[in-house]
Amino acid sequence: MAEEITDIWAFLAASPLLWLTMTLVVFQGSLWINKRLGGSPVLHPVLISMAILIGILLLTGTDYDTYFDGAQFIHFLLGPATVALAIPLYENRQQIRALLLPLLVSGLAGAATAALSAVTIAYLMGAEWVTLMSLAPKSVTSPIAMGVSEKLGGLPSLTAALVLLTGAIGCILAPGLIRLLRIRDDRVKGFAMGLSAHGFGTAQAFGISATAGAFAGLGLALAGIITAFLLPASFNWLPILVGG
Amino acid sequence: MSSLITAIIILLTCQLAGEVIVLWLDLPFPGPVLGMLILFGALLIRGGVPEYLKQTTDTLLRHLALLFVPAGVGLMVHFGLVARDWAPILLGLVVSTVLALGVTMLILSRLIRLRSRRAEDG
């Protein structure tokens with residue numbers, strides 16, 4: 001009997017079916033847990049899912065490659081999802097055209113500030129090179145951030161976790177900062193939240209108003225495009241500069 | 001002909017074109033980002049989003065969070081790095097997020113105010 005169970009486990013643990021199903025079940029459970037706890041961004045469903053799945057994998061002695069054989073079917077959809085961001089971008093095209101220059105200037109400044117300040121602080125505190133490269137694209141939406149991280153020589157999976165943390169941090173800090181700087185324009189609030197806290201910030205901006213939400217979606221897309229196009233190009237000279 | 005399949009073909013073809021062009025021209029940014037710009041350009045030329053494409057992408061983007069989980073679990077491979085670098089990572093994340101929010105909001109609100117003042121003068 002015990003031997004049969006071991007055999008069945010050996011079969012399941014190595015098949016893609018188990019870990020694909022497990023990922024979906026754990027995520028659904030995490031959505032429920034997050035809702036029960038009042039929908040706090042600190043306990044985002046993705047963070048809860050990561051903690052539970054890593055726990056299960058460690059307890060069962062399963063390595064990440066075996067898990068990813070199953071989970072890759074979900075992971076693959078990140079590419080098409082990035083392409084799909086063209087639709088919200090298209091739907092906001094009139095607002096983009098009306099405020100094109102202010103949005104571009106502030107977007108460029110904000111995205112550059114996010115990447116450079118994070119990398120500078122971590123560098124001064126003695127972080128590893130690969131940590132710095134994984135940290136640089138952390139403000140933009142995961143599918144883009146992971147692609148940029150890979151291009152820079154960072155670790156895409158570390159970047160994915162840092163992106164999620166940035167989103168949660170942005171949601172916690174934004175309301176206080178908006179009050180401190182006395183920002184009243186919903187367009188400005190939304191754009192800044194989408195730009196610096198991607199999807200998390202966008203979801204929170206929709207709670208302020210529909211206008212804030214639309215501008216957050218725009219900030220998210222613009223930060224993604226600016227970071228994807230400029231970060232890999234501008235970081236090419238960095239290793240030479242610091243002699244790394 | 002299924003419109004769901006047409007929508008999937010459109011998304012995958014744009015991504016494929018993006019990936020091929022990035023590899024071909026050795027561009028430094030991710031293929032799907034170029035795929036997004038290709039689709040955006042196509043929508044501008046066509047002058048609207050077809051309903052079936054809107055439905056499929058809405059579904060995909062509504063469940064975007066789920067798609068991050070497999071990569072996020074990969075954090076377990078980097079426990080050593082995170083244990084070593086957790087302090088620079090955390091301080092870098094918090095300070096840079098505050099600065100990015102502040103810089104973006106201050107510049108954008110100044111520029112919008114400047115523009116409306118100029119519109120009143122003119």
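Trainee: Is helix 12 of chain A mostly covered or uncovered?

Mentor: Helix 12 of chain A is mostly covered, with 19 of its 23 residues buried. Buried means that 20 or more other C-beta atoms, placed from the backbone, lie within 10 Å of the residue's own; 12 or fewer makes a residue exposed, and anything in between partly exposed. Helices here are DSSP runs of H or I with at least four residues, strands are E runs of at least two, and both are numbered from the N terminus.

Trainee: Before we go on, what sort of model is this, and which pLDDT limits apply?

Mentor: This is a predicted model, in which local features need pLDDT of at least 70 and side-chain atom pairs count only at pLDDT 80 or more, while totals for chains, interfaces and linings use all residues. Residues are numbered from 1 along each chain as its sequence is written, and chains are lettered from A and ligands numbered from 1 in the order in which they are written.

Trainee: Back to helix 12 of chain A: how far apart are its end C-alpha atoms?

Mentor: They are only 8 Å apart, whereas a straight helix of 23 residues would reach 33 Å at 1.5 Å a residue. That expected span is 1.5 Å times one less than the number of residues.

Trainee: Where is the kink in helix 12 of chain A centred?

Mentor: The kink is centred on H198(A) and amounts to about 145°. The bend at a residue is the angle between axes fitted to the seven residues ending there and the seven starting there.

Trainee: What is G199(A) in contact with, leaving aside its neighbours within four places in sequence?

Mentor: G199(A), which also lies in helix 12 of chain A, is in contact with T141(A), G167(A), L220(A) and, from the other chain, L64(B). Contact means that the two C-beta atoms, placed from the backbone, lie within 7 Å. G199(A) counts as buried because 22 other C-beta atoms are within 10 Å.

Trainee: And why does A203(A) count as buried?

Mentor: A203(A) counts as buried because it has 20 C-beta neighbours inside 10 Å. This residue is again in helix 12 of chain A. From A203(A) to A216(A), 13 residues apart in sequence, the C-alpha distance is 8.4 Å.

Trainee: At what angle do the axes of helix 8 and helix 12 of chain A cross?

Mentor: They cross at roughly 35° and come within 10 Å. The axes are lines fitted to C-alpha atoms, for helices over the stretch in contact, and angles run from 0 to 180 degrees between N-to-C directions. On the helix 8 side the contact is made by L103(A), G107(A), G110(A), A111(A) and A114(A), and on the helix 12 side by F191(A), A192(A), L195(A) and S196(A). Those residues divide into six nonpolar, three polar and no charged. Ala, Val, Leu, Ile, Met, Phe, Trp, Tyr, Cys and Pro count as nonpolar, Asp, Glu, Lys and Arg as charged, and the others, Gly among them, as polar.

Trainee: How about helix 8 and helix 13 of chain A: at what angle do their axes cross?

Mentor: Helix 8 (residues 100–124) and helix 13 (residues 210–235) of chain A cross at roughly 65°, with axes that come within 9 Å. Helix 8 of chain A contributes L103(A), G107(A), L108(A), A111(A) and A115(A), while helix 13 of chain A contributes G219(A), L222(A), A223(A), I226(A), T227(A) and L231(A). By class this contact has eight nonpolar, three polar and no charged residues.

Trainee: Changing topic, what is the phi of R182(A)?

Mentor: R182(A) has a positive phi of about 50°, although it is not a glycine. Most residues other than glycine have a negative phi. R182(A) is in the loop between helix 11 (156–180) and helix 12 (186–208) of chain A, and it counts as exposed because it has 8 C-beta neighbours inside 10 Å.

Trainee: How many residues of chain B are in contact with chain A?

Mentor: 62 residues of chain B are in contact with 87 residues of chain A. Helix 6 of chain B gives the most to the chain B side, with 28 residues. That side divides into 46 nonpolar, twelve polar and four charged residues.

Trainee: Lastly, how many helices and strands has chain A?

Mentor: Chain A has 14 helices and zero strands. Of its 244 residues, 50% count as buried, and the C-alpha trace spans about 70 × 50 × 30 Å along its principal axes.
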